[in-house]
Amino acid sequence: MADSAKDSNLLDKVVSLCKRRGFIFQSSEIYGGLKSAYDFGPLGAELKRNIAAEWWKVMVHEREDIVGIDASIMMHPEVWRASGHLAGFSDPLVDCLNCKERFRADKAPKAEAGSALVYYKGGKKSGEKVSATAGDRGYVCPQCGAQELSSERQFNLMFRTSIGPVDPLESFVDEIQSKTLSKAEIREKLDAAIKSNAIYLRPETAQAMFVQFLNVQQTMSMKVPFGIAQQGKSFRNELTTERFIFRCCEFEQMEMEFFVEPGTQVEWLQYWSQARIEWWKRFANDKSGFRLRQHAPDELAHYADNCYDIEYLYPWGWGELEGVASRIDYDLTKHSEFSGAKLSYFDQQKPDPATGKMGWRYTPYVIEPAAGLTRGVLLFLLDAYAEEKGVDAEGAEKTRVILKLNAKLAPFKAAVLPLMKKDNLPEAARKIVASLYKAGVNVSYDEQQGIGKRYARHDEIGTPYCLTVDHQTLTDETVTIRDRDTTAQERIPVTSALEVIKKRIAEA
Ligand code: GAP
């Protein structure tokens, strides 16, 4: 079992470190915070960018068959009708009439008809404990256990807004002000007014890759099999936001649509499931914390005929990190239907299976590895967090907190520390910093407090190496390099510091 599952306080410790050290803050904190929205601070922004850069490198830069795009977040509203998000991207929302909790029916605790129930009449905090028998609802309120529930309503997860200078509600107000209308009539007129210039924040980055399929394929002369990749923000009005940045309303995804010949989708699904899980493991300390889980038929999204989730063992149990779905020709077919554009591919070298004649026009099938970047940040923080017990110089017990981030992902690659703030040591240290900056290595110059405290600070933010400039540096042009995980130190020439750090990062 992975270490992360053993420490039930791990998430709290990581959340506290994130705030204390500038990784992640609550959004709009000085105004009391905005529920489920987070800001990445200086170190969190670096960590997130480093994860994204490693993904882009392996998915786009190191492959001839994949190209990247950066599409707009706002898209034509028809995109979401064609994709099925307007009709189907909704959760069954229920209100508990006993404690007023609002929750998702499909995530609620199950209760078989006829089974014994215990719940709190009037709510869990101050309610009276009562016994009852479950009816045929199939589930109970996750908060108080009651079955006194409203009917289920579909709640669309897309954020809706309007585009253009005209306020859609103006015409609505004009229309209803002098009329006596029923609730249903008002609702109908309101919906019609809003619809006229409604647009949606994208709930996934994927659709742009389908909508731009022809432009990308033709301008880049891509031959099937090929992929289009994209990273960026997605928005979902999640009913239940939970566990820090695990599920939030604004998050980032790293998705790739891989277009393949019909009939080859099973092999490509295997290929991408394996490639993607290996990529996550490569940067983690605990490789046993990952698994592939195939979706059961009733779990599959409306567009998929098969899907593997890459799951991670979070402190609360296994949960999704990335989905690798076989989307067949669903999306290209739907967008062809709705837009009138012919989103197909012509292979001159292959005979058409229907006629046997050379040249085959078909709608490619799609394999989609869809990863969460925001969730990836959380996973690598959880995986990296470690505590080591030891004693300080006076013999008192102390705990060393270390963020054992892979050096490629670490916000700072090294810290340059003058032993003292005098005797020209800061000047010598700044010279090293300047040379590392020039070589594109993100390092931190740090002269505050004693050297022990500075080592501890950099261990806690995951800086893999500390270069310490001392009096010997001034005489023989050497520095010590300290390893974050082992705390071992060795002396190296200043002139080789860049090379040593680059080599170690490359090998990490
Ligand atoms: N295009 C397919 C798609 O979007 P998904 O399983 O809904 O599939 C892919 O999302 C990944 O995006 C998930 O595995 C997860 O890592 C991340 N993700 C989805 N919803 C999220 C949310 N509300 N907060 C944070 N990450 C989320």
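Visitor: How many helices and strands does the chain have?
Guide: The chain has 15 helices and 25 strands. Keep in mind that this is a predicted model.

Visitor: What does the C-alpha trace span along its principal axes?
Guide: About 85 × 75 × 50 Å. The chain holds 508 residues, and buried residues make up 49% of them.

Visitor: And the accessible surface of the chain, what does that come to?
Guide: About 25,500 Å². Carbon and sulfur atoms account for 51% of that surface.

Visitor: What share of the contacts with a separation of 6 or more comes from residues 24 or more positions apart?
Guide: That share is 63%.

Visitor: On to the ligand. How many residues surround it, and which are the closest?
Guide: 20 residues surround the ligand. The closest are Glu 204, Glu 238, Cys 248, Glu 255 and Glu 320.

Visitor: How does that shell divide into nonpolar, polar and charged?
Guide: Seven residues of the shell are nonpolar, three are polar and 10 are charged.

Visitor: Which polar side-chain atoms lie by the ligand's oxygen and nitrogen atoms?
Guide: Arg 236 has a polar side-chain atom 2.9 Å from a ligand oxygen. Glu 238 puts a polar side-chain atom 2.7 Å from a ligand nitrogen. There is a backbone case as well: an N or O atom of Cys 248 lies 2.8 Å from a nitrogen of the ligand.

Visitor: How much of the ligand's accessible area does the protein cover?
Guide: The protein covers 91% of it. On its own, the ligand has 550 Å² of accessible area.

Visitor: Which elements give two or more residues to the shell?
Guide: Strand S12 (250-260), strand S15 (317-328) and strand S18 (365-372). S15 gives the most, with five residues.

Visitor: Switching topic. In which sense do S19 and S20 pair?
Guide: Antiparallel, over seven bridges. S19 runs over residues 385-391 and S20 over residues 397-403. Gly 390 stands opposite Lys 398 in S20.

Visitor: What sits between the strands of that hairpin?
Guide: Five residues. In this hairpin, Gly 395 takes a positive phi near 90°.

Visitor: Which residues other than glycine have a positive phi?
Guide: Ser 36 is one of them, with a phi of about 60°. Lys 100 also has a positive phi, near 75°.

Visitor: Where do Ser 36 and Lys 100 lie?
Guide: Ser 36 is in the loop between strand S1 (24-26) and strand S2 (38-40). Lys 100 lies in the loop between strand S4 (90-95) and strand S5 (102-104).

Visitor: Is Ser 36 buried or exposed? And why is Lys 100 classed as it is?
Guide: Ser 36 is buried, because its relative accessible area is 8%, under the 20% cut-off. Lys 100 has 65%, over the 50% cut-off, so Lys 100 is exposed.

Visitor: Which peptide bond is cis?
Guide: The one from Val 224 to Pro 225, with omega near 5°. Pro 225 is in the loop between helix H8 (213-219) and strand S11 (226-235).

Visitor: Last one: Thr 473. Where is it, and is it buried or exposed?
Guide: Thr 473 is in helix H14, residues 471-476. Thr 473 is buried, with a relative accessible area of 5%.

Visitor: What is Thr 473 in contact with, leaving aside neighbours within four places in sequence?
Guide: Thr 468, Thr 478, Val 479, Arg 491 and Val 494.

Definitions and conventions: Residues numbered from 1 in each chain as written. Predicted model: local features only at pLDDT ≥ 70, side-chain atom pairs only at ≥ 80, totals over all residues. Heavy atoms only, no water. Helix = DSSP H or I, 4+ residues; strand = E, 2+ residues; numbered from the N terminus. Buried < 20%, exposed > 50% of the residue type's maximum accessible area, 1.4 Å probe, protein only. Contact = heavy atoms within 4.5 Å. Near = heavy atom within 4 Å. Polar contact = N/O pair within 3.5 Å; in protein donor to acceptor, adjacent residues only side chain to side chain. Areas by Shrake-Rupley, 256 points an atom, 1.4 Å probe, with all protein chains shown as cover. Nonpolar A, V, L, I, M, F, W, Y, C, P; charged D, E, K, R; others polar. Pairing = 2+ DSSP bridges.
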